[in-house]
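Q: Could you walk me through this one before I set anything up? I'd like to go piece by piece.

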Amino acid sequence: MFKKMGRKVSEKIEFGLFTLPVLICIAIAFYIPFAMTIRYSLTKWNGISKHPKFIGLDNFKQIFLHDTNFTQSAWFTIKYAVLYIVLVNVLAILLALVLDMKLKSTTWLRAAFFIPYILSLVIVGFIWKFIFMQGFESLGASTGWGIFKLSWLGEPGLAFISILLVSIWQSVGFYLVIYIAGLQSVPDDLKEAATVDGAGPIRRFFNITLPLLAPSITISVFMALTNSIKVFDVILSLTGGGPGGTTYSIAYDIYRDTFQNNLYGYGTAKALILFVAVLIVTIIQLTIFKRREVEA
Amino acid sequence: MNRQSRAGRIILEVVMVLFSLLFLYPLFLAINNSFKSFGEVMTDVIALPNKLAFGNYEHVWSFINYPKLFLNNFVITGVGLIGIVFVSSIAAYKLARTKTRWSGFLYLLCIMPMLIPFQSIMLTVLQLSKDLHITESTWGLGLLYWGFGAPLAVFIYHGFVKGIPKEIDESATIDGASGFRLFFSVIFPLLKSVTTTIIIIDVMWMWNDFLLPLLMVNGSPDTKTLTLAAYTFVGQYTSDWQYAMTAMVMAVLPSIIVFIFLQKYIVKGVVAGAVKG
């Protein structure tokens, strides 16, 4: 009997030894900071004074009622996220369909489209800044095309498109390889059967390939959404929020308020709103896609 | 019919290869201009350099102390990686093998942070790190990554351990192995494929990460990472594009070289990570 009890205790100790390290690490990285975020969001604090001043929900009132920076950056982020998710996925599916045709150059093509994804986004932003500012000048001079003479980073609308294009350029390879993996799991005999039945390539795509790609689409849309809501690095190096503060995303706006304007309490309140937004969007998306996939 | 479709394939092939070259053209331009003088960059970006000179590289190499930066990146990524793999694999194993209400709850606690965007906690992470005296240190940043990388790693390991039959543990117990010895001699080798996946996605993430290092180790040139140094460098040399592009190329070159050699594994790892994650 004692032996049995001893075993129970040693099992518990072992359980603790195995799980405690990870729990401590996660608490330090996430849970403690998160609790601190909630606390600071209810205060007015510049980060220098010893004691943040408790002001209740005033930060949130201010953000939702009077903060045009916040509304602007929220709109920017929503527009960006929607366009990014649609474009990067459509482009990746189209490329994947071509690469799935087993061309001789498939290995090269896959590698070529994937390379930008292994690079740091900040650096990708700087390289493109160089292309837009210096490269386009030379390209315009040698081709005479008007498209190279536009001010791609100097005009609000164009700067938005530039950010979108650069983000897609950097990450399309990632979605591409997910779709290629998805297409390879579509059985060939299913496609052949459809061909024999007289279905053309377009019908074959919409009736067979696309539904069977559903799991890959779920993953890709999910990834694209979580990444685009948090867009920051590429804007920082490409436009720095300009021209005229029109290209601030929510994440960048939070960064500006906390680290550039030293509004620690106010910035963390915004950060908390971002968290709630991400949470809601994720839950909605998971429920929708789960339901859909079960049917397929 | 057959001939026509073969012609079509060849045309498609040529079009795609041309498109991929155009796709990589910006990278080519960056490399191209890293070999030029300031005057050459200003007169024509697309032209090839007059001669292949490494002057820019010598300048940037010593100016940013490249070997030191490389070492910093290596330490941060290495410390982070070893910790993530170690703490996550043992925890995921125990949590998957124990069937109590507690283990279910703790598992949720481990993976839920995947929903927290980093920007929501960046300020307070910095505050807490200052209190713990782990800022401005490459080791400190590496340690912090243990927690940031753990949720995904626990999630992936947990899913995989569930597929390993319990009989393996039991027969090892009869042979006298238990605790950490059982795990590291019997279970951990079986996790090789997922460990590879986790190594690949985490190395790519930590090596290129920007915002957390910016907050944690940007204070001194002794602790900076490659990306941070490139970022500061451009801030200082706003119009010296030839140096800026050299710094960019030097910052991304290690990743590209590794990718060329390990392409197959990296792509596979990234796909596996996404599908499981």
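**Domains, contact and packing**

A: Keeping in mind that this is a predicted model, the centres of domain 1 of chain B and domain 2 of chain B, taken over C-alpha atoms, are separated by 35 Å.

Q: OK, and which residues of chain B go into each domain?

A: Domain 1 of chain B runs over 2-58, while domain 2 is made of two segments, 70-239 + 248-276.

Q: Switching to the contact between the chains, how many residues does each chain bring?

A: Chain A brings 68 residues to the contact and chain B brings 67 residues.

Q: Which element gives the largest share of the side of chain B that touches chain A?

A: That is H13(B), with 15 residues, and the elements that give two or more residues to this side also include helix H1 (2-34), helix H4 (66-97) and helix H7 (138-161) of chain B.

Q: What's the make-up of that side by class?

A: On the side of chain B that touches chain A there are 51 nonpolar residues, together with 13 polar and three charged ones.

Q: How do H4(B) and H7(B) pack, then?

A: Their axes are 6 Å apart and meet at an angle of about 35 degrees, in a crossing that is right-handed; the residues of this contact comprise 20 nonpolar and nine polar, with no charged residues.

Terms used. Residues numbered from 1 in each chain as written. Chains lettered and ligands numbered in written order. Predicted model: local features only at pLDDT ≥ 70, side-chain atom pairs only at ≥ 80, totals over all residues. Contact = placed C-beta atoms within 7 Å. Helix = DSSP H or I, 4+ residues; strand = E, 2+ residues; numbered from the N terminus. Nonpolar A, V, L, I, M, F, W, Y, C, P; charged D, E, K, R; others polar. Axes fitted to C-alpha atoms, helices over the stretch in contact; angles between N-to-C directions. Left-handed = near helix turned anticlockwise from the far one by under 90°. Domains from an automatic or database assignment.
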